[in-house]
Amino acid sequence: MTEQSKFPKDFLWGSASAAYQVEGAWDEDGKGPSVWDEFVRIPGKTFKGTNGDLAVDHFHRYQEDIALMKEQGLKAYRFSVAWTRIFPEGRGEVNQAGLDFYIHLVDELIENGIEPVLTLYHWDLPQALQEEYQGWESRKVIEDFVNYAAVLFEAFRGKVHYWVSLNEQNIFIQMGYMLALHPPGVVDQKRMYQANHIANLANASVINKFHEMQMPGKIGPSFAYTPNYAIDSNPENVLAAENAEDLMAHYWMDVYAWGEYPIAIMKFLEKQGIAPTIEDGDMELLRSAKPDFMGVNYYQTATNAFNPIDGVGQGKMNTTGKKGSSEESGVPGMYKKVANPFVDRTNWDWEIDPTGIHIALRRITSRYRLPILITENGLGEYDKITADNEIHDDYRIKYLKDHVAAIGDAIEEGCDVLGYCTWSYTDLLSWLNGYQKRYGFVYVDQDETQEGSLKRYKKDSYYWYQRVITTNGANLD
């Protein structure tokens with residue numbers, strides 16, 4: 001460790017992916033269909049009809065990808081397991097061929113000195129469970145999820161030391177049940193809050209199972225945290241920001257850390273007639289589950305203003321990459337999101353705010369007193385490859401450099417940060433945005449025609465991160 005580094009000597013400099021977005025091989029080796037395998041076939045749901053059937057073919061090229069990770073010096077690689085590779089129907093007999101893929105992947109990572117960070121659930125629910133009992137809307141999913149997780153706990157005992165239970169529950173629930181932009185494509189807030197409550201119970205049950213099995217290592221959820229600001233010091237706008245933070249952040253993290261829903265928000269949901277049904281024993285279960293860390297996916301902040309009862313509701317998201325095309329949105333009577341004049345935005349209208357990650361780490365540390373694992377942070381942009389197969393992504397280097405510097409400042413102030421996983425390692429399928437929105441250190445020759453060569457090329461950011469890792473974050477230039 002260099003003298004001037006703010007980062008602990010065992011800091012996990014990592015990067016990340018998700019099964020559906022990179023693997024491809026969507027029906028190979030006995031894998032069953034997930035809700036995403038079906039959802040992408042609905043016309044108009046994804047950018048130019050792109051899907052993950054092939055994605056970037058990590059399933060067949062994982063050794064090549066891990067060789068690139070090793071050369072870069074990567075300390076950790078966060079990936080997700082596709083539930084339907086292990087249980088094609090969501091339960092029943094283990095599909096050994098599917099499990100073997102992940103055994104080979106984990107062994108290859110360990111052999112190359114890379115710490116595997118395993119995400120149990122990154123949005124690809126078995127389609128069979130969606131059809132049988134509507135997935136997250138039924139308490140039956142709890143037993144099936146715990147059963148699936150226990151198989152992986154046993155398979156990777158002593159090999160995987162960092163586990164993520166649910167990835168971005170706040171996103172897959174809201175996108176799936178409020179905006180209809182993700183499976184199951186529903187607009188029904190009552191169902192949304194009920195499915196969310198059941199997902200909380202499943203998350204708690206899996207964390208308890210992990211600890212009951214006396215697994216060596218740590219487990220926690222990954223939360224997509226967007227810290228909320230007030231547009232100014234007008235008390236009405238400050239209250240709107242408090243409402244937004246309670247409704248969009250504390251409503252999940254308070255449950256993860258303490259097993260409690262925020263009081264003001266439950267009152268609000270009850271008045272609206274959309275509060276979840278809480279059965280006997282539910283709150284005891286939520287309170288009993290203690291995560292070992294809080295996983296944080298940080299991309300942006302949100303700035304808020306007063307929103308009257310007859311004010312704006314859900315506006316349109318920018319999924320096209322045309323800057324300035326997103327619409328104002330909010331919750332009537334609670335808050336509305338407004339443009340922050342002090343920060344820039346990406347082509348997808350995501351606010352670029354490195355100080356926001358510093359604020360996020362401080363808030364979580366102060367409120368929950370938990371270690372933090374940054375499980376995602378990155379910049380999605382249009383990358384161009386030159387005739388010499390070079391990718392000059394200086395904008396990504398600046399984004400990552402500023403965020404890493406802010407993390408270092410938070411660590412100096414006492415925040416316990418275990419590691420930093422960028423999103424993403426290679427370019428990948430960006431759910432709704434196809435292959436045009438690139439995040440990786442490694443450029444993949446793939447686009448919306450889905451007929452690319454899939455060749456891998458190192459971007460300038462690849463070499464930048466290599467130097468950051470070598471100096472343990474001391475040299476960010």
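Visitor: At what angle do helix H7 and helix H9 pack, and how are they oriented to one another?
Guide: In this predicted model, helix H7 (residues 140–155) and helix H9 (residues 189–212) lie with their axes 9 Å apart, and the angle at which they pack is about 30°. Angles under 35 degrees count as roughly parallel. That is why H7, relative to H9, is described as roughly parallel.

Visitor: Which classes of residue make up the contact of H7 with H9?
Guide: On the H7 side the contact includes Val141, Phe145 and Phe153, while among the residues that H9 contributes are Leu201, Ser205, Lys209 and Phe210. Sorted by class, the contact of H7 with H9 has 12 nonpolar, 1 polar and 1 charged residues.

Visitor: How are H8 and H9 oriented, roughly parallel or roughly antiparallel?
Guide: The axes of helix H8 (residues 169–177) and H9 come within 9 Å, and they cross at roughly 150°. Since angles over 145 degrees count as roughly antiparallel, H8 is therefore placed relative to H9 as roughly antiparallel.

Visitor: How do the residues of the contact of H8 with H9 divide by class?
Guide: Gln169, Ile173, Gln174 and Tyr177 in H8 meet a set of H9 residues that includes Arg191, Met192 and Asn196. By class, the residues of this contact of H8 with H9 divide into 5 nonpolar, 5 polar and 1 charged.

Visitor: Which strands stand at the edges of the open sheet of 4 strands?
Guide: The order of this open sheet is E6-E8-E10-E9, and its pairing is mixed. A strand with a single partner has one side left without a neighbour in the sheet, so the edges are formed by E6 (228–230) and E9 (330–331).

Visitor: Which residue in E10 stands opposite Ala305?
Guide: Strand E8 (residues 302–305) and strand E10 (residues 335–338) run antiparallel and are joined by 3 bridges. Within E10, the residue opposite Ala305 is Lys336.

Visitor: Which helix packs on this sheet?
Guide: The helix touches E6, E8, E9 and E10, and its direction makes about 170° with that of E6. It spans residues 235–258 and is named H10.

Visitor: What is the bridge partner of Ile374 in E14?
Guide: Strand E13 (residues 372–376) is mostly covered, with 5 of its 5 residues buried. Strand E7 (residues 294–297) runs parallel to E13 with 4 bridges between them, and there Val296 has Ile374 as its bridge partner. E13 also pairs in the parallel sense with strand E14 (residues 417–423) over 3 bridges. In E14, the bridge partner of Ile374 is Tyr420.

Technical notes. Residues are numbered from 1 along each chain as its sequence is written. This is a predicted model: local features need pLDDT of at least 70, side-chain atom pairs count only at pLDDT 80 or more; totals for chains, interfaces and linings use all residues. Side-chain values use heavy atoms; hydrogens and water are left out. Axes are lines fitted to C-alpha atoms, for helices over the stretch in contact, and angles run from 0 to 180 degrees between N-to-C directions. Helices (H or I, at least four residues) and strands (E, at least two) are DSSP runs, numbered from the N terminus. Angles under 35 degrees count as roughly parallel, over 145 as roughly antiparallel, 65 to 115 as roughly perpendicular and the rest as oblique. Contact means heavy atoms within 4.5 Å. Ala, Val, Leu, Ile, Met, Phe, Trp, Tyr, Cys and Pro count as nonpolar, Asp, Glu, Lys and Arg as charged, and the others, Gly among them, as polar. Two strands pair if DSSP finds at least two bridges between them. Buried means under 20% relative accessible area, exposed over 50%, partly exposed in between (1.4 Å probe, protein chains only).
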